[in-house]
Amino acid sequence: MSKLFNNISDADKKMLTKIYWRSFAVFAGPCGAAYRQAPGFTMSIMPALERYYPEQEKRAEAMQRHMTPYNITQNVGTFAMGLAASMEHENAVHYGDYDPSSIVSIKTALMGPLSGIGDSIYWGIVRCIAAGVGIGFAASGSILGPILFLVIYNLPGMLGRYYLTFLGFSMGENFITKAYESGMITILTKCAGIIGLMMVGFMISSNVSLSLALTMPVSGAEPIAVQPYLDSLLMGVLPLSLTMLCYWALKKKMNQNTLLFVVLGIGFVLGLLGIC
Amino acid sequence: MSNLMIACMATLAYFICYGGNWLFGQCMIERPIVVGTITGLFLGDLTTGIIIGGALEAIYMGAVNIGGATSAEPVSATVMSVTFAITAGLSMEEAITLAVPVGLIFNSLSMVWIMLTNIFQPAYQKVCDNGDGKGLTRVILTSWFTIYFTRAIIIFCCVYLGSEAVQAFMSQLPDSVIHGLAVAAGMLGAVGMAVLMKMLVSTENIGWLFVGFVLAKYLSLPAIVIAIIAVVIAITIGLTDKKIHDLKQMMTEGTPMALTEEEEFFNE
């Protein structure tokens, strides 16, 4: 990573660090369907715009240019910010010969691919691990639960956010295309799936509970409970099947909220009737 | 603690967690596990807050804000269920089942605020026309405060007015109904997990879910150990895939090409 900073001057570094800190509030001011997260993006790259366009007119033009719908997973969105900063620099240097609309079109084109990477890393891997560990501790009421959850999620998040600001500035728009061509992204998505699913398996085992309270009446003896037989078949077979059933229902396009209520209703009735 | 004080504390927890999350880089302080902890801290019962927060985290695992669309609003759900568990004497299970309808109602209310953000459009236009960077920051902060403060007011009203009603209602419930709620609360986690699965599953990787499940159920391994195993497996498979991919490319292109600077970067 060291060569990342080689061709970045101290002034650039200062500007990019400012962009990095501002990027934390990127989604603080969403505005309707016309702008969506554009205000936050423009606010984040303001250090670059103020540096490259000291003239108020040019700066206003650049700000207006960036007020187009924007949305990229927070922790990777700084790549687009660094890139936009370097392109604004080009535009300022070659003012008039440079087509500034390309800045916005490249930024917009990056939204899908970058969010794809960001979602699989941060929602797929990091959050599943953080939640798995956090929920485990929280179940016993330990303060370590929320603390570990926040640390495990935010440490890679903040690091990635920082380096991507610089990477976007120095590597340019070909970087992402190259990353897709090199097969890295497909592999990354696959890895995210494996880690995420193993954590989901863990969370099903500890956070979904369902057991039968039913007993078989036996004449002249104690009634026999059914649950031990299920346990000897496969421990936790009921919670596991229930989760699979919910997954199947979602695959069949059932709405998530409807499903919550269906499960709530079924669980309530099963409990009320003393079956579970 | 008086009713007014309770409502203030719950509202504060809501504002800090929900607003703070979007001001500080979506740092996940809006997730139930954190919201529950902070609400519990403010109301003087940390342990209850953490336990309910953790349980709700599992239920709402799938409810994340991706692309601005939410399916449920876990923050209000967590604040209310923790508050009522601590102050109105609800059991954990009752509190958890209460969270579901609350989350749903507040999510449909969210539409109001999404529309509300439109009123700031002229202000944004004006600061951009003037090239006014400081003004832009000011409008964003104003919009941020307006949205989360008005949302917090709704929470205040619900807790302030609802506390006694919830308490009175719950004390009337017969045991069989309470048992029903407990069973339902245990089952709800399945929905959150299913939503996560929908994001992650492909036909070739679903088997890993059962590996994680069996390791946890039969060997009782803690989450961190399973995470380590999962990462090692994923890296091994990833590296093998990378080799196969490179090999394929070499075969289609004939001779290996000279590496450009970017490719060197990926190979590091």
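The expected span of a helix is 1.5 Å times one less than its number of residues. This rule will be of use at two stops of the tour. The structure on display is a predicted model, and the predictor gives the complex an ipTM of 0.84 and a pTM of 0.85.

**First stop: helix H3 of chain B**

Select residues 46-59 of chain B, which form helix H3. This helix has 14 residues, and the distance from its first C-alpha to its last is 20 Å, close to the expected 20 Å. Is helix H3 of chain B largely enclosed by the rest of the structure, or largely open? Of its 14 residues, 12 are buried, so H3(B) is largely enclosed by the rest of the structure. To see this, colour the buried residues, among them B:Thr48, B:Gly49, B:Ile50, B:Leu56, B:Glu57 and B:Ile59.

**Second stop: the whole of chain B**

How many helices and how many strands does chain B have? The chain has 11 helices and 0 strands. The radius of gyration of chain B is 24 Å, well over the 18 Å that the globule rule gives for 268 residues, so chain B is more spread out than a compact globule. Turn the view along the principal axes: the C-alpha trace of chain B spans about 80 × 65 × 30 Å. Buried residues amount to 47% of the 268 in this chain. Among the contacts in chain B with a separation of 6 or more, 67% are between residues 24 or more positions apart.

Next, colour chain B by its two domains: domain 1 covers 3-200 and domain 2 covers 202-268. The C-alpha centres of these two domains of chain B are 37 Å apart.

Then colour chain B by pLDDT. The mean for the chain is 86, and 91% of its residues reach 70 or more. Where pLDDT is low, the predicted coordinates should not be read in detail.

Select chain A, which has 13 helices and 2 strands. A compact globule of 276 residues would have a radius of gyration near 19 Å, but the value for chain A is 26 Å. Along the principal axes, the C-alpha atoms of chain A fill a box of roughly 95 × 40 × 40 Å. In chain A, 48% of the 276 residues are buried. The chain is divided into domain 1 (2-197) and domain 2 (210-272), and the C-alpha centres of these domains of chain A lie 44 Å apart.

**Fourth stop: where the chains meet**

Show both chains together. There are 97 residues of chain B in contact with 97 residues of chain A. Which helix of chain B gives the largest share of the side that touches chain A? Helix H8 (residues 175-200) of chain B does, with 22 residues. By class, this side of chain B has 60 nonpolar, 29 polar and 8 charged residues.

Select residues 223-253 of chain B, which form helix H10. The 31 residues of H10(B) should span 45 Å at 1.5 Å a residue, and the end C-alpha atoms are 44 Å apart, which agrees. The buried residues of H10(B) are B:Ala223, B:Ile226, B:Ala227, B:Ala230 and B:Ala234. Their cover includes helix H7 (101-138) and helix H10 (184-207) of chain A, together with helix H9 (207-219) of chain B.

Centre the view on B:Ala230. Why does B:Ala230 count as buried? It has 27 C-beta neighbours inside 10 Å, and a residue is buried if 20 or more other C-beta atoms lie within that distance. Apart from its neighbours within four places in sequence, B:Ala230 is in contact with A:Ile194, A:Ile195, A:Met198 and A:Met199.

**Last stop: two loop residues of chain B**

Select B:Gln26, in the loop between helix H1 (3-23) and H2 of chain B. B:Gln26 is not a glycine, although its phi is positive, at about 45 degrees. Then select B:Ser220, in the loop between H9 and H10 of chain B. Phi of B:Ser220 is near 50 degrees, again a positive value in a residue other than glycine.

Definitions and conventions. Residues numbered from 1 in each chain as written. Chains lettered and ligands numbered in written order. Predicted model: local features only at pLDDT ≥ 70, side-chain atom pairs only at ≥ 80, totals over all residues. Domains from an automatic or database assignment. Contact = placed C-beta atoms within 7 Å. Helix = DSSP H or I, 4+ residues; strand = E, 2+ residues; numbered from the N terminus. Nonpolar A, V, L, I, M, F, W, Y, C, P; charged D, E, K, R; others polar. pLDDT = per-residue confidence, 0-100. Rg over C-alpha atoms; globule rule 2.2 N^0.38 Å.
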